[in-house]
Amino acid sequence: MELEKELERLNPYQKEAVLDESNALLVNANVGSGKTTVLTTKVKYLHEKKQIRYQDMVVLTFTNKAAAEIKGRLKEGAEALSEEETELFGTFHGVALSLLKKRLPIEQLGYTKEFTIMEADEEVDMALQLIEEEKLTIKYKNRLKKRLEQAQSGRMTGKIQDDIEILAKRLKEEKVKQNKMSFSDLLENAILLVDKLPEKPKWIIIDEVQDSDQRQLDFISCLKGEETSLFAVGDPNQVIYSFRGLPMDVFYRIREQYGAKEMSLPINYRSSGLIIEAARRFQQNGKRLVGEREAGHKIMVKRHYNAFQEACYLADRIKELYQAGVEYHEIAVFYRLQNQSQVMEDVFEREGIPFEVSLKKTVRDIPVLNFFIRVLRFAVNEKDTTSALLVLKDKEYGERRKSKDAALLVKERNIEKSGLLKRMIEFSKYALNFTSEEEVYQYFNLDTCIRPTASTYEEDREAILFILKKIFEVSREGKKPLMEAVKEFLNSSALYGIQVLTKETKQKTDAVKLMTLHASKGLEFTYVFLTGVNYGLIPLQAKDMEEEEEERRLFFVGMTRAKDFLELSYYTNPDYPRTMPGPSRYLSIIPKDLIESEDEEEKSVNLQELKRQVMKAREEAKQGVMEDKAEEETKQAKEEKREEEKKEAVKSLEEGGAKPTRQIRHPKYGIGTITREDDQILEAFFPPYGPKEFLKAFAEFEFI
């Protein structure tokens with residue numbers, strides 16, 4: 001009954017795709033056209049009407065979040081949908097992992113079912129270890145990762161005379177020896193063994209198929225049997241990852257290889273009519289995008305002097321929206337490059353605006369976790385000698401041992417000479433007895449590693465306990481022994497990353513989202529501010545037509561994240577290298593009748609006056625946020641006068657003259673005597689540091 005109601009809610013295009021019984025169907029789904037709804041309804045239809053078991057379906061996605069959403073929708077109204085039924089619903093690499101762990105004879109390749117997944121850069125660590133141990137000659141180590149990929153795939157170019165091919169061969173052997181697979185090994189090994197499956201799936205269903213690379217297409221091809229049906233959904237207008245070496249003709253190749261029938265989902269339900277009308281100018285493929293909603297508000301185009309002035313404007317604008325009843329999480333700010341977020345973070349934090357920065361952090365971005373994850377890796381896999389060596393050699397958190405000493409200890413398993421090695425090796429003995437993250441923390445004696453006297457102690461401890469808490473959640477929810485939970489967590493973190501609630505990344509229940517255009521894909525917001533639409537940012541300078549087309553598709557994706565309000569902005573004096581002042585040509589492509597811009601009087605504002613206002617705002621911001629680009633004569637005169645006053649005050653202090661009565665206490669410099677003070681700036685003399693100057697609004701001091 002629930003399925004019937006869902007089918008009734010579909011539009012004719014969506015319903016046709018769900019009910020179609022072709023052996024291979026390719027659905028060209030325009031942005032905001034309800035592709036996830038179609039995909040999940042298709043799965044339900046196959047299960048309930050066609051009696052296809054979930055175990056006989058493979059559902060492939062490109063993010064863990066998308067896979068979780070599909071599973072979540074399927075569980076709505078389901079009496080009992082177990083993890084085992086949907087174990088092949090996930091990312092390409094997640095599905096490959098499940099197959100290798102549960103259905104494929106991985107032993108034929110020298111591995112055991114207990115193999116672990118390596119972090120993205122662990123392979124380089126292992127390679128460097130092999131280079132050192134075997135005295136291999138390797139040139140251009142700064143490009144080691146890329147050269148290894150070329151050697152492993154047989155795509156070596158150039159005539160570099162070194163041992164890179166020997167290293168690639170030894171690396172493959174070492175991974176088998178240590179029972180570890182890299183990210184790329186998962187698909188490669190699954191492709192090698194997939195013919196050994198007892199039976200092929202009855203259906204393969206693919207989300208965002210346009211993002212498939214060659215290895216993923218090969219995986220689909222090997223997984224598909226003669227009786228396997230294929231249902232693929234995607235949008236060629238959203239191919240924004242060509243740097244991964246993606247074939248741009250994915251749709252053509254699937255049509256040709258599988259004789260796929262093609263349908264379209266042209267109706268957009270997300271964005272207002274005017275936003276859709278503007279986005280059409282950047283649509284490159286498929287049927288004309290059709291908007292279902294009314295016209296709505298015009299697109300606002302704003303001019304800003306630079307990124308700092310824009311951040312101040314955005315802070316004020318977001319406050320207005322919030323006071324008018326718009327929740328922060330309905331607001332997003334997009335930019336092309338990750339480093340553009342910093343000025344917004346500084347200003348928003350100062351203004352008390354809650355925000356989240358969408359930034360995919362790896363374990364390596366957090367040094368203490370880089371160390372602790374290695375501890376856990378060796379603790380659950382004693383073959384992982386690379387992790388053990390790095391733990392013992394670690395100069396910040398480990399035992400700071402020399403390479404030869406560490407290698408000998410690990411080889412001989414000499415637990416008498418290394419407390420860390422002893423605790424890692426004996427972890428399996430005690431794992432069943434641990435009931436809390438604090439007990440595991442104490443077992444590894446981690447206070448000796450992160451040192452209570454260190455400035456990062458509290459933050460490091462919080463990060464480690466957060467990871468341990470997540471592991472215990474895996475153990476309790478899955479009713480698994482702690483050792484199994486650790487392995488599952490490590491594999492999951494290697495595949496999907498670890499999101500750690502550190503001081504900088506704490507999630508808030510209601511926060512403005514700051515993210516790159518790439519990170520915005522698949523999301524939607526009521527208000528979208530798309531910043532830096534200057535040539536050199538949006539679009540980036542392209543080397544060829546293919547890169548230029550990708551930039552247009554990326555802009556299309558950014559625009560179509562907005563549901564009701566879209567604001568585009570550019571800089572007259574950009575702070576970023578290779579960025580041209582003035583609006584990008586993309587803004588001229590949008591018809592003028594769709595745009596609401598600043599009126600002519602505002603446009604005629606003298607730029608020197610605007611510049612003066614920005615300089616004034618900078619003085620009120622955190623010291624060092626932006627570097628002043630010009631100084632007026634009056635300011636120079638004031639600076640000279642201040643220097644004279646400071647020299648006289650310091651000289652008086654050093655000579656034991658009359659001292660001002662007011663003092664301050666600073667966490668770094670101690671107690672200092674005030675030598676000068678005005679509305680914004682305070683100067684004080686700190687023996688033995690000398691004179692120091694602070695912005696009152698941001699300095700960490702207290703008056704005594």
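Thr-386 is found in helix H16, residues 385-393. Helices here are DSSP runs of type H or I with at least four residues, strands are E runs of at least two, and both are numbered from the N terminus. Thr-386 has a relative accessible area of 4%, so it is buried. Buried means under 20% relative accessible area, exposed means over 50%, and partly exposed lies in between, with a 1.4 Å probe and protein chains only.

Which residues does Thr-386 touch, not counting those up to four places away in sequence? They are Asp-125, Met-126, Gln-178 and Lys-180. Contact means heavy atoms within 4.5 Å.

## The model and its overall make-up

This is a predicted model, in which local features need pLDDT of at least 70, side-chain atom pairs count only at pLDDT 80 or more, and totals for chains, interfaces and linings use all residues. Residues are numbered from 1 along each chain as its sequence is written, and side-chain values use heavy atoms, with hydrogens and water left out.

The protein has 704 residues, and 51% of them count as buried. Its secondary structure comes to 28 helices and 22 strands. Take the contacts between residues at least 6 apart in sequence: 70% of these join residues at least 24 apart.

Helix H15 covers residues 367-380, 14 residues in total. From first C-alpha to last, H15 reaches 21 Å, close to the 20 Å expected at 1.5 Å a residue. The expected span is 1.5 Å times one less than the number of residues. H15 is largely enclosed by the rest of the structure, because 13 of its 14 residues are buried.

Two packed helices are described by the angle between their axes and the distance between the axes. Axes are lines fitted to C-alpha atoms, for helices over the stretch in contact, and angles run from 0 to 180 degrees between N-to-C directions. The axes of H15 and H16 cross at roughly 135° and come within 8 Å. The two helices are therefore oblique to each other. Angles under 35 degrees count as roughly parallel, over 145 as roughly antiparallel, 65 to 115 as roughly perpendicular, and the rest as oblique. In H15, Phe-371, Arg-374, Val-375, Arg-377 and Phe-378 meet Ser-387, Ala-388, Leu-390 and Val-391 in H16. By class, this contact of H15 with H16 has six nonpolar residues, one polar and two charged. Ala, Val, Leu, Ile, Met, Phe, Trp, Tyr, Cys and Pro count as nonpolar, Asp, Glu, Lys and Arg as charged, and the others, Gly among them, as polar.

## H3 against H4

Helix H3 (residues 35-48) packs with helix H4 (residues 64-75) at an angle of about 50°, and their axes are 10 Å apart. That makes H3 oblique to H4. Thr-36, Thr-37, Leu-39, Thr-40, Val-43 and Lys-44 in H3 meet Glu-69, Ile-70, Arg-73 and Leu-74 in H4. This contact of H3 with H4 has four nonpolar, three polar and three charged residues.

## Backbone details in loops

Tyr-140 is not a glycine, yet its phi is positive, about 55°. Tyr-140 lies in the loop between helix H6 (122-134) and helix H7 (144-153). Its relative accessibility is 43%, so Tyr-140 counts as partly exposed. Arg-413 also has a positive phi, near 50°. Its place is in the loop between helix H17 (403-412) and helix H18 (419-425). Arg-413 counts as partly exposed because its relative accessibility is 29%.

Is the peptide bond from Ile-538 to Pro-539 cis or trans? It is cis, with omega near 5°. Pro-539 lies in the loop between strand E15 (525-530) and helix H24 (545-559).
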